[in-house]
Amino acid sequence: MLELKDLRARLSLEGAPDRDILNGVTLTVPAGEVHAIMGPNGSGKSTLSYLLAGRPGYEATSGSAHFLGEDLLALEPEARAAKGVFLSFQYPVEIPGVPVMTFVRAAMNAQRTSRGEAEISAPDFLKKSRAIAERLRMDPDMLKRPLNVGFSGGEKKRLEIYQMLMLEPRLMILDETDSGLDIDALRIVSEGVNALRSPDRAMLVITHYQRLLDHIRPDRVHVLSAGRIIASGGPELALRLESEGYDALIAGAG
Amino acid sequence: MSSSLSASAPLLDARSSGLLARLEAMDPSPSRLRAREAFARTGLPHRRIEGWRWSDVRAALSRPPAGGATDAPATPLAGGSGLAFGEGGLTAGELAVSSWTRGVSENEARVPDVGALGWLAEALALDGADITLAPGAQPLALVFSGREGDRFVHLRIRVPQGVEAQVAESHLSGGGFSSVRVDYVLEAGASLHRSVFLAGGAECVQAAVASVRLAPGARFHQTFLSLGAGLSRLETALTHEGDGSEAVLDGAYLLGEGRRTDVVTRVDHLGVGASTRQLVRGAVKSGGRGAFQGRFHVARHAQKTDARMQHHALLLEEGAEVNAKPELEIYADDVQCAHGATTGALDEAALFYMRQRGLPLAQARALLTLSFIASALESAPSGPREALLGEAERWLTGA
């Protein structure tokens, strides 16, 4: 479903020197599977998620990224979203003045329009929103407040998953979704994520720690270091990292 | 009289002299004479005159028209009853509850300084009205439009003691030169909401000048939306004449190619414990120019004054221009006064976040811009609030 071949990328932002951030990532995530990307800080995990979502400034210099056979890198971020790419942000952005529900409905209808589908009716939207908010045990008033403004770290993460459940994407990229969540919230959020697991969806779970993977069980685990995947394995690889640390693995790979 | 005029005449350009000559031909009342003298001191304002740097009327009027006068693109704000002024003066009028007379009567003891275009409107007003808003009066709609020539209107609106009222002004000239002056007089404990919508053609020079006098305990709340014009000036001179009056002076501007707006306010605090809140927000595209000039004056005896001024602008594209000149003049020692001003661009991180969820770039920009300016419109009462937000949204989405 998602195929990355020898993907290399450069970060070029105004006022900063260009920086190589991915040094040849090759990765295949078949439909129906959940893959975890683990790695120390600065290994390129968030970069990979931004590159796949199309953040301006993150440029692929060589290699390819295909999603459902289509060249992902050639598409605008909104076109990728309409194809079903969803990035749950590590740091969700505050949007003052735009209430959550207004925003999500606009996003959903923009995606539908882009796919040639009819817009969702107001009653259908409300019904769906209510059911998902309940499942994530969110205060319904939160959905009337401006997006992410004044929300705690945990509330922001929960709201990311709310949006994911509303938009029902096909490729979900979860960037450090566990950070800021307490144990109970982690369980509720994970249940929400697991509800979207299906044979026609794929998931990339980016995390620093193993604990999220107790709740969202991965099919494969990849270790990213210095912009390259240095090890891949089953769920047991995450457990090994937890007990031995990244250093041992990185030293072994070097 | 002619000799005193010719003494200042060398300073004046041909257009200003022409305007004065027109007044000579009229039968002037004492107040018109006073206004004419005030206007003759400067003639048509230009960029080298203090306060007119960003509205060079003389230059704008000396450019030959390119024949691009168009009908105003927008619909006027609604009201329960109202007056409409076009090229021939009053074109339609119906004031259900309030009393009014055509033309402004001569009984104004104190005269606020309304600037050169305010004086010009009074001196050369071809038409006008003196209105007293009665208790329970429906919102009053005033519409000013026209496509060519010069148009000057002078109105006075009184809000008697304890009355609560609403006035909606729409300044929608397609072309030509117009100056509309409205003198608001609020008696003790009176309350007025004034909404102002300004949208003019690319060749039109359009001024909306208001003086506002607040008696003790009066409340004045203003909300404007300006889509600019070739030259558009919204000037408000407000005086807290007594104790404990309140003023809110909010509003927003949205400017595209070839559109300018100059938002000028002067607030004088003369009584004890008056409060003024001002929040102006704007967003400008390439080729547009916005200006904000705010001045709060607090007299020596105006203790406990509480005055806050804020202006925040977004430069939406390269080639957009915004100028801000906030000023506080404080002579009392027990006051709270502050001003803040920012100019920036749309938040790139927010734009990417919105696009990641599927919003096309243009829609994300429009939504973000609308949410930026909305807080300066949202304090308006229901009715004008929805109308102004709707106009802003139409402008942003090009619908």
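Me: Let's call two residues in contact if their C-beta atoms, placed from the backbone, lie within 7 Å. How many residues does the contact take from chain A and from chain B?

Reply: A heads-up: this is a predicted model, where local features need pLDDT of at least 70 and side-chain atom pairs count only at pLDDT 80 or more, while totals for chains, interfaces and linings use all residues. Residues are numbered from 1 along each chain as its sequence is written, and chains are lettered from A and ligands numbered from 1 in the order in which they are written. The contact takes 19 residues from chain A and, from chain B, 18 residues.

Me: Which element gives the largest share of the side of chain B that touches chain A?

Reply: Helices (H or I, at least four residues) and strands (E, at least two) are DSSP runs, numbered from the N terminus. On that side of chain B, the elements giving two or more residues are helix H7 (361-374) and helix H6 (348-356) of chain B. The largest share is seven residues, and they come from H6(B).

Me: Over in chain B, how are H2(B) and H5(B) oriented to each other?

Reply: Helix H2 (residues 14-24) and helix H5 (residues 115-124) of chain B pack at about 30°, with axes 10 Å apart. Axes are lines fitted to C-alpha atoms, for helices over the stretch in contact, and angles run from 0 to 180 degrees between N-to-C directions. Under 35 degrees counts as roughly parallel, over 145 as roughly antiparallel, 65 to 115 as roughly perpendicular and the rest as oblique. H2(B) and H5(B) are therefore roughly parallel.

Me: Which residues of H5(B) make that contact?

Reply: H2(B) brings B:Leu19, B:Arg22 and B:Leu23. From H5(B) come B:Leu120, B:Ala123 and B:Leu124.

Me: And how many helices and strands does chain A have?

Reply: Of the 254 residues in chain A, 41% are buried. Chain A's strands number ten, and its helices nine.

Definitions and conventions
A residue is buried if 20 or more other C-beta atoms lie within 10 Å of its own, exposed if 12 or fewer, and partly exposed in between; C-beta atoms are placed from the backbone.
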